[in-house]
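Please read it alongside the sequence and the structure shown here.

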Amino acid sequence: YKGDKLACIGRRGGKTFAMSAGGIERMVKNPKTRVLIFSHTEEQAMIIIAMAKEYLNDNYPNKVKRKMSDTNKKTLTLKNGSVMRCRAAGDTGDSGRGFEADILMIDEASRFSKFFWIAVRPIILMSVGEIWMSSTPFGKQGYFWEMFNESYNEKRDDARFKVFYKTTPQIVKERKITEHWTEERRDTILRTLEKDKRTMTKLEYGQEYLGLFMEDLQQFFPDELIKKVQTRTRPETITERDYYLGQDIARMGDDETTFEIGYLTENE
């Protein structure tokens with residue numbers, strides 16, 4: 001698929017390998033393609049480089065520029081001028097400022113901050129490039145969730161990303177049986193998944209293996225109860241009693257600082 005794409009995949013589903021292989025295919029077929037990889041740490045980003053090198057050596061061994069690939073573990077260069085680089089994102093994404101790329105590849109994208117996305121999206125602006133991001137979910141928050149939601153749930157016509165969604169059990173069951181991926185191995189993994197399902201919480205299993213945005217399960221009280229106990233009628237007169245002041249400091253956000261005054265009731 002050519003265009004911005006989002007892979008929401010359960011753990012161990014092969015999303016990192018799929019991105020690295022897809023990057024190599026694009027680089028081989030389109031000379032001078034620039035791929036820039038971001039992960040939270042440099043070591044994580046280098047895993048994609050290592051997978052890409054393995055895929056390249058297995059499928060296009062005559063395309064790699066050996067001198068560069070053997071000496072620089074952070075960069076993979078092809079004879080046709082295509083290059084793949086990896087960067088550690090940190091908290092802000094500032095390590096990507098100054099770069100330009102045709103493909104911006106984000107690993108574990110659900111865990112990146114708003115500041116990161118502000119810094120890196122312009123990297124592919126002038127090249128009319130693409131963003132490829134993959135992750136397991138991390139709650140209903142952040143750019144990864146917002147883009148998934150508008151495309152997969154809301155099905156908006158102007159959604160930026162094409163979503164590829166697969167659970168770990170689906171991938172295990174649907175994978176083609178080969179000499180390496182035997183029926184015995186598949187069945188053993190499926191039994192392990194069943195055991196994990198019994199021992200993990202619904203939140204843990206849903207997020208890690210089913211690729212679900214599960215933070216609703218962390219809510220202890222229903223919305224209706226919260227609204228009921230927190231909605232009261234303001235008294236018409238102020239009586240003599242002990243009052244309490246609460247302050248929500250807005251700091252550097254868009255909200256304003258608020259002051260809330262209340263008093264303790266006797267189970268009213």
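1. The model under review is predicted. Helix α1 covers residues 15-29, that is, 15 residues. From its first C-alpha to its last it reaches 21 Å, close to the 21 Å expected at 1.5 Å a residue.

2. Helix α1 is mostly covered, as 11 of its 15 residues are buried. Among the buried residues of α1 are Lys15, Thr16, Met19, Ile24 and Val28. Charged side chains also occur in this group: Glu25 and Arg26 are buried.

3. The largest pocket holds about 860 Å³ of space. Its lining comprises 25 residues, and those closest to the centre are Arg11, Arg12, Gly13, Gly14 and Lys15. Lys15 is also one of the buried residues of α1.

4. Which helices supply at least two residues each to the lining of the largest pocket? They include α1, α2 (42-59), α6 (168-174) and α7 (183-199). The greatest contribution comes from α7, with 5 residues. By residue type, the lining divides into 10 nonpolar, 7 polar and 8 charged.

5. The second largest pocket has a volume of about 520 Å³. It is lined by 14 residues, and Arg232, Pro235, Ile261, Gly262 and Tyr263 lie nearest its centre.

6. Helix α9 (223-230) and strand β9 (258-263) each supply at least two residues of the lining of the second largest pocket. Strand β9 gives the most, with 5 residues. This lining consists of 7 nonpolar, 4 polar and 3 charged residues.

Technical notes
Residues are numbered from 1 along each chain as its sequence is written. This is a predicted model: local features need pLDDT of at least 70, side-chain atom pairs count only at pLDDT 80 or more; totals for chains, interfaces and linings use all residues. Side-chain values use heavy atoms; hydrogens and water are left out. Helices (H or I, at least four residues) and strands (E, at least two) are DSSP runs, numbered from the N terminus. The expected span of a helix is 1.5 Å times one less than its number of residues. Buried means under 20% relative accessible area, exposed over 50%, partly exposed in between (1.4 Å probe, protein chains only). On a 1 Å grid over the protein atoms alone, a cavity is a set of points where a 1.4 Å probe fits but cannot get out, and a pocket is an open set with protein on both sides within 12 Å along at least five of seven lines; lining residues have an atom within 4 Å of a point. Grid points are joined across faces, edges and corners, and a volume is the space filled by probe spheres set on the points.
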